[in-house]
Amino acid sequence: VFVVLSMLFFPKVPGTQLAFQPLTAAMIIILALLDDIPIMTIAYDRTRIDPKPVRWQMGRILSVSTILGAISVVQTFGLLFLGMHFLNRSLMGVMIDPSHLQTMVFLQLVVGGHLMLFVTRTAGCILCPPYPAPLLFWALIGTQIFAALMCGFGWLVPPLPWTLIGGVWIYNLAWMLVQDAVKMIAYRLYDHRAEFQTSFMDRMKKTMHPHGSRT
């Protein structure tokens with residue numbers, strides 16, 4: 001969604017006739033490979049064990065995931081608009097050019113996507129237990145260090161100054177707290193709606209069958 005919309009909003013790099021390309025083909029492949037590593041460790045994560053069998057609540061899952069997905073698109077566009085605003089100008093002591101902007105977007109997608117695993121792994125606050133299993137935690141940290149080194153030294157991507165790498169991280173950490181708050185509100189609203197519907201149906205049954213039913 002982000003890649004398509006960004007190319008529609010910015011068909012050309014501002015001030016030039018160059019076609020705007022938010023990500024290169026290599027970046028998309030690397031992004032997919034880096035995502036696979038922490039995803040494979042989700043099965044080993046710590047979670048709360050319910051005392052009774054749990055039925056999948058697909059409406060709840062799809063509602064919350066859609067909201068978080070939309071916020072993620074807004075988050076990436078926010079960084080893109082910020083970079084476009086400072087194009088050919090100084091940001092954190094660095095003159096921003098199109099190659100910097102491209103690598104910033106790539107790093108944001110890597111960092112933001114991986115931090116989202118911390119947000120979605122539980123319905124509660126990310127600062128509360130159960131905390132991530134060591135395998136999941138270090139898989140995330142390892143991929144983030146590798147991505148930062150890629151961007152800092154220019155491995156397969158245009159190099160990005162370390163100050164901007166730190167800025168992208170601060171930007172994503174702030175958004176992670178926003179996403180976590182929205183997630184908890186969304187869960188609470190959905191659960192409140194489900195409780196209201198259940199209570200309403202129970203009242204309707206009692207009204208229709210005040211003396212019980214015979215089989």
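In this predicted model, helix H2 (residues 25–40) packs against helix H5 (residues 134–153). Their axes come within 8 Å and cross at roughly 160°. Angles over 145 degrees count as roughly antiparallel, so H2 is roughly antiparallel to H5. The crossing is right-handed. On the H2 side, the contact is formed by Ile30, Leu34, Ile37 and Pro38. On the H5 side, these residues meet Leu136, Ala139, Leu140, Thr143, Phe146, Ala147 and Met150. By class, the contact of H2 with H5 holds 10 nonpolar residues and 1 polar residue. No charged residue takes part in it.

Helix H2 also packs against helix H4 (98–120). Here the axes are 11 Å apart, and the angle is about 20°. Angles under 35 degrees count as roughly parallel, and H2 and H4 are therefore roughly parallel to each other. This crossing, too, is right-handed. H2 contributes Met27, Ile30, Leu31, Leu34, Asp35 and Pro38 to the contact. H4 contributes Gln102, Thr103, Phe106, Leu109, Val110, His114 and Leu117. These residues divide into 9 nonpolar, 3 polar and 1 charged.

H3 and H4 cross in a right-handed sense. From H3, the contact draws on Leu68, Ser72, Gln75, Thr76, Leu79, Leu80, Gly83 and Met84. From H4, it draws on Leu101, Met104, Val105, Gln108, Leu109, Gly112, Met116 and Thr120. The class count is 9 nonpolar and 7 polar, with no charged residues.

The largest nonpolar core contains 48 residues. Within it, the residues with the most contacts are Phe20, Leu80, Met84, Phe106, Leu107, Leu160 and Leu164. The largest share, 12 residues, comes from H4. Leu164 reaches residues elsewhere in the sequence. Beyond its neighbours within four places, Leu164 is in contact with Leu91, Met92, Val94, Ile96 and Met104.

Arg60 lies in helix H3. Its relative accessibility is 18%. Buried means under 20%, so Arg60 counts as buried.

Pro134 belongs to helix H5. Its relative accessible area is 44%, and Pro134 is partly exposed. Pro134 and Thr41 are 93 residues apart along the chain. Their C-alpha atoms are separated by 9.6 Å.

The loops hold several local backbone features. A cis peptide bond joins Pro129 and Pro130, with omega at about 5°. Pro130 is found in the loop between H4 and H5. Asn88 has a positive phi, near 65°, although Asn88 is not a glycine. This residue lies in the loop between H3 and strand E1 (90–91). Leu156 is another non-glycine residue with a positive phi, again near 65°. Leu156 is placed in the loop between H5 and H6. Exposed means over 50% relative accessible area, so Leu156, at 68%, counts as exposed.

Notes
Residues are numbered from 1 along each chain as its sequence is written. This is a predicted model: local features need pLDDT of at least 70, side-chain atom pairs count only at pLDDT 80 or more; totals for chains, interfaces and linings use all residues. Side-chain values use heavy atoms; hydrogens and water are left out. Axes are lines fitted to C-alpha atoms, for helices over the stretch in contact, and angles run from 0 to 180 degrees between N-to-C directions. Helices (H or I, at least four residues) and strands (E, at least two) are DSSP runs, numbered from the N terminus. Angles under 35 degrees count as roughly parallel, over 145 as roughly antiparallel, 65 to 115 as roughly perpendicular and the rest as oblique. A crossing is left-handed if the near helix is turned anticlockwise from the far one by less than a right angle, and right-handed if clockwise. Contact means heavy atoms within 4.5 Å. Ala, Val, Leu, Ile, Met, Phe, Trp, Tyr, Cys and Pro count as nonpolar, Asp, Glu, Lys and Arg as charged, and the others, Gly among them, as polar. A nonpolar core is a set of buried Ala, Val, Leu, Ile, Met, Phe, Trp, Tyr and Cys residues joined through side-chain atoms within 4.5 Å. Buried means under 20% relative accessible area, exposed over 50%, partly exposed in between (1.4 Å probe, protein chains only).
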